[in-house]
Structure formats: structure tokens, C-alpha cells
Amino acid sequence: MAVSRAKSGVMRVVVVGAGTIGSTHAEVLDAHDQFDLVGAIDREHRDVVVGSRRLRTRTDFSRALADLSPDMVVIATPTGTHLDVVGQVLAAHPACRLLVEKPAVASWAELDRLVDVMRGEAAERLLFAHHTAYAPEVLWLARAKELQQSGGRLRSAFCVFQDPYANDVPGYRQRLGSSWVDSGINALSVLERFATVGPPLGRRHLDVEGIVEEVRVQLGGGDETARATIVTSWEASASAKSTRLVYESGMQVLLDHTGVTGLAEQDGRITHRFGTDGSRVRRIQHYRNLYDVVANGPDALTSWETTHRLLRTLLHAT
Ligand SMILES: NC(=O)c1ccc[n+]([C@@H]2O[C@H](COP(=O)([O-])OP(=O)(O)OC[C@H]3O[C@@H](n4cnc5c(N)ncnc54)[C@H](O)[C@@H]3O)[C@@H](O)[C@H]2O)c1
């Protein structure tokens with residue numbers, strides 16, 4: 001059954017990869033009046049549930065793209081397959097845009113291949129989805145310029161990104177790489193909202209199995225340097241993600257990415273706060289905000305230049 005509601009004058013989109021996040025893309029696209037979800041492709045026969053309907057995925061990649069003729073293809077397959085799928089889409093349907101899930105690549109060899117792609121004609125058509133940078137609490141602080149100015153320079157940051165994946169480490173490694181590859185890019189994309197992310201300064205495994213990592217990165221350059229410590233972990237009983245920013249004035253801002261809240265504290269008192277009404281699932285909000293940017297002018301998405309720098313920092317620390 002086709003899920004398309006034949007919306008007119010909107011961008012026709014196909015999602016490749018009908019797993020956890022492919023389903024989120026499908027749900028957000030289906031509800032967005034500037035996109036028309038016209039199909040999904042997966043290497044397995046999996047249905048995607050969109051609201052009360054089921055979208056049957058297609059496995060015949062090239063034929064599906066020829067039939068569906070999308071304006072944009074979303075690549076939501078496991079991290080280590082992104083580049084192969086980019087190549088398949090460009091070969092089968094070269095005129096469309098591609099939105100690639102984070103992290104676009106997970107190794108230096110893949111980054112070299114991506115750099116080659118970005119030197120070619122396809123460069124203007126590749127977009128990169130760093131969903132946590134579009135989280136409501138992150139956008140709240142990014143837009144609160146006066147609050148940031150009152151804090152003065154950013155001095156340090158502490159990011160903790162934890163997921164409950166210790167029960168199936170081999171499975172999650174295959175899908176997502178490692179806790180650092182999977183969540184490190186999210187932390188970096190959040191930090192990039194508030195300072196230019198520089199190279200890593202060090203990295204340590206905090207456990208024997210290699211599923212809890214500490215990475216320190218430089219923020220800014222020259223005299224303006226601050227430091228961030230990022231901990232990524234698969235040793236948790238639930239997903240729990242937060243970023244704490246400490247400013248020159250002593251002001252601290254806590255962004256709780258799980259609760260979708262923000263709090264600014266100065267001299268022991270809360271000076272500003274941000275919250276949500278809980279009516280929308282956290283991840284849906286990230287992708288809804290991201291797709292609003294795609295609809296209104298994808299130039300405002302994370303640029304290739306920034307994506308390239310973040311990926312280099314990510315890979316230097318692997
Ligand atoms: N799971 C999350 O919470 C989450 C959040 C944001 C971003 N992401 C990113 O999204 C990507 C996918 O993660 P996921 O958790 O949805 O994975 P997943 O394993 O749940 O889903 C991946 C899907 O892709 C299909 N697939 C695999 N190789 C394919 C190929 N070559 N062609 C077509 N289909 C293929 C699989 O059959 C599966 O249905 C990863 O890069 C991840 O970093 C995941």
C-alpha cells in the first residue's frame with residue numbers, strides 16, 4: 001500500500017532504511033505539509049508504521065527509485081553503509097537531494113570517499129542530518145543571544161550521552177559503530193551551536209569492554225579556547241543525555257536532552273528556564289525542526305565544511 005497522500009507542490013521523499021530512525025523520518029515527513037512521503041526502501045521486507053497505516057518497503061532499490069522519482073532520498077541505514085547507499089542513489093537517481101543520517105561516515109577510508117563525492121557535481125545535493133543540533137532546548141539557548149552574552153565567554157562544557165545498549169554490545173556495534181561514534185557526533189553538533197569545535201585533546205576508555213568513553217576536545221581557537229569533556233556510554237538503564245555549559249561570569253546552563261529542558265543558573269539562582277509540554281516525543285521534535293529547515297532553505301543545515309570538521313574531530317578520537 002502506498003502511503004503517499006499525493007500532497008501537491010511539495011518535495012517527494014523516499015526513506016532508505018526502515019529501522020528505528022527510518023520510522024521516525026517517515027512519521028515526521030508524513031505529518032509535514034511540505035513533504036510527501038512516497039515510499040520506503042529496505043534490504044529486508046519490513047513495513048513502516050506511519051500513524052494508523054502501514055507502508056510496505058521495497059527491496060528493488062534502482063527500480064523503486066525509478067518508479068517513485070523522489071526529489072529527496074533520506075539515508076537511514078546503519079552507519080557503516082551510508083556511503084555505499086549514497087553511491088547507489090547517485091547511480092540510480094542522480095538528480096535528487098540526499099539527506100544522510102549522522103554520522104555520515106565512521107572511518108577515515110569512508111571519509112576519503114565522502115570527500116571525493118563532495119568534490120563532484122553531487123556536492124550541492126548532499127545534506128547532513130545532525131538531529132540533536134535541532135533539539136528544542138538547544139535551539140532555545142542558541143537563540144537566547146542576550147543570555148549567552150550575559151555569561152561572557154564559554155569556558156568549559158561537559159556532555160554526557162548515555163544509552164542502554166550494554167545488553168547487546170555486538171548488535172549495537174554493528175548498527176551504530178561504538179558509543180563514541182554514535183553519540184560523540186551528537187555532542188559535537190550541540191557544542192558547535194555555541195563554539196567552534198576544534199581537534200580532540202585526548203581520549204580514554206573508562207571501562208574494560210570499551211563501551212564507556214571520555215573524549216576531551218578544544219572549543220574555539222587562539223586565545224578564545226575553551227575545553228569540553230564528552231562522556232559517551234552504553235552502560236545505562238535508560239537513555240540520558242545532557243550538556244552543561246560554564247561561562248566566564250560563572251553562569252552555568254544545563255541542557256537536559258532527555259527531559260527537553262534548559263536551565264541557566266548564576267550565583268546560586270535560576271535566572272532562565274525552558275521547558276516543553278510533553279505532547280511530542282523528543283526525537284520527533286528534533287526531526288520536525290530539522291525538516292522545517294530543509295523545507296525553508298537547506299542552506300541553513302549544518303554545512304559540508306562544518307560537517308567535515310566535526311567528522312574529522314570524531315574520527316581523530318576513535
Ligand atoms: N536509533 C536511533 O535512535 C538513531 C537516532 C538518530 C540517528 N540514527 C542513525 O540512523 C542510522 C540507522 O540507525 P537505526 O538505529 O535506525 O538502525 P536500524 O538497524 O534500526 O535500521 C536500519 C535499517 O536499514 C536496513 N538496511 C541495512 N542495510 C541496508 C542497505 N544497504 N540498503 C537498504 N536498507 C538497509 C536494515 O534492514 C534496517 O531496517 C544510523 O546511522 C544511526 O546512527 C539512529
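**Figure 1. Contact between helices H2 and H3.** Phe61, Ser62 and Leu65 on the H2 side meet Gln88, Val89 and Ala92 on the H3 side. Sorted by class, the residues of this H2 and H3 contact are 4 nonpolar and 2 polar, with no charged residue. The view, like those that follow, is taken from a predicted model. H2 covers residues 61-68 and H3 covers residues 82-92; their axes come within 10 Å and cross at roughly 50°. The crossing in which H2 passes H3 is right-handed.

**Figure 2. Contact between helices H8 and H10.** Helix H8 (residues 179-191) packs with helix H10 (residues 304-316) at an angle of about 135°, and the two axes are 10 Å apart. H8 and H10 are therefore oblique to each other, since only angles over 145 count as roughly antiparallel and those from 65 to 115 as roughly perpendicular. From H8, the contact takes Val181, Gly184, Ile185, Leu188 and Ser189. Leu310, Thr313 and Leu314 are the H10 residues in this contact. The class count for the contact of H8 with H10 is 5 nonpolar, 3 polar and no charged. H8 passes H10 in a right-handed crossing.

**Figure 3. Contact between helices H1 and H9.** The axes of H1 and helix H9 (residues 282-296) are 9 Å apart, and the helices pack at an angle of about 60°. This makes H1 oblique to H9. H1 and H9 cross with right-handed geometry. On H1 the residues in contact are Thr24, His25, Glu27, Val28 and Leu29, and they meet Arg283, Ile284, Tyr287, Arg288 and Tyr291 on H9. In the contact of H1 with H9, 5 residues are nonpolar, 2 are polar and 3 are charged.

**Figure 4. Residues surrounding the ligand.** The ligand is surrounded by 24 residues, of which the closest are Gly17, Gly19, Thr20, Ile21 and Thr79. The shell around the ligand consists of 8 nonpolar, 8 polar and 8 charged residues. Helix H1 (20-31) and helix H7 (169-176) each supply at least two residues of this shell. H1 gives the most to the shell, with 3 residues. Domain 1 (11-130) and domain 2 (132-282 + 304-316) each contribute at least three residues to the shell around the ligand.

Figure 5. The domain assignment of the chain gives domain 1 as 11-130 and domain 2 as 132-282 + 304-316. Taken over C-alpha atoms, the centres of domain 1 and domain 2 are separated by 26 Å.

Figure 6. Most residues other than glycine have a negative phi, and most peptide bonds are trans. Lys102 and Pro103 are joined by a cis peptide bond with omega of about -20°. Pro103 belongs to the loop between strand S6 (97-100) and H4. Val260 is not a glycine, yet has a positive phi of about 55°. The loop that holds Val260 runs between strand S13 (252-256) and strand S14 (261-266).

Terms used: Residues are numbered from 1 along each chain as its sequence is written. This is a predicted model: local features need pLDDT of at least 70, side-chain atom pairs count only at pLDDT 80 or more; totals for chains, interfaces and linings use all residues. Axes are lines fitted to C-alpha atoms, for helices over the stretch in contact, and angles run from 0 to 180 degrees between N-to-C directions. Helices (H or I, at least four residues) and strands (E, at least two) are DSSP runs, numbered from the N terminus. A crossing is left-handed if the near helix is turned anticlockwise from the far one by less than a right angle, and right-handed if clockwise. Two residues are in contact if their C-beta atoms, placed from the backbone, lie within 7 Å. Ala, Val, Leu, Ile, Met, Phe, Trp, Tyr, Cys and Pro count as nonpolar, Asp, Glu, Lys and Arg as charged, and the others, Gly among them, as polar. A residue is near a molecule or strand if its C-beta atom, placed from the backbone, lies within 6 Å of it. Domain bounds come from an automatic or database domain assignment. Angles under 35 degrees count as roughly parallel, over 145 as roughly antiparallel, 65 to 115 as roughly perpendicular and the rest as oblique.
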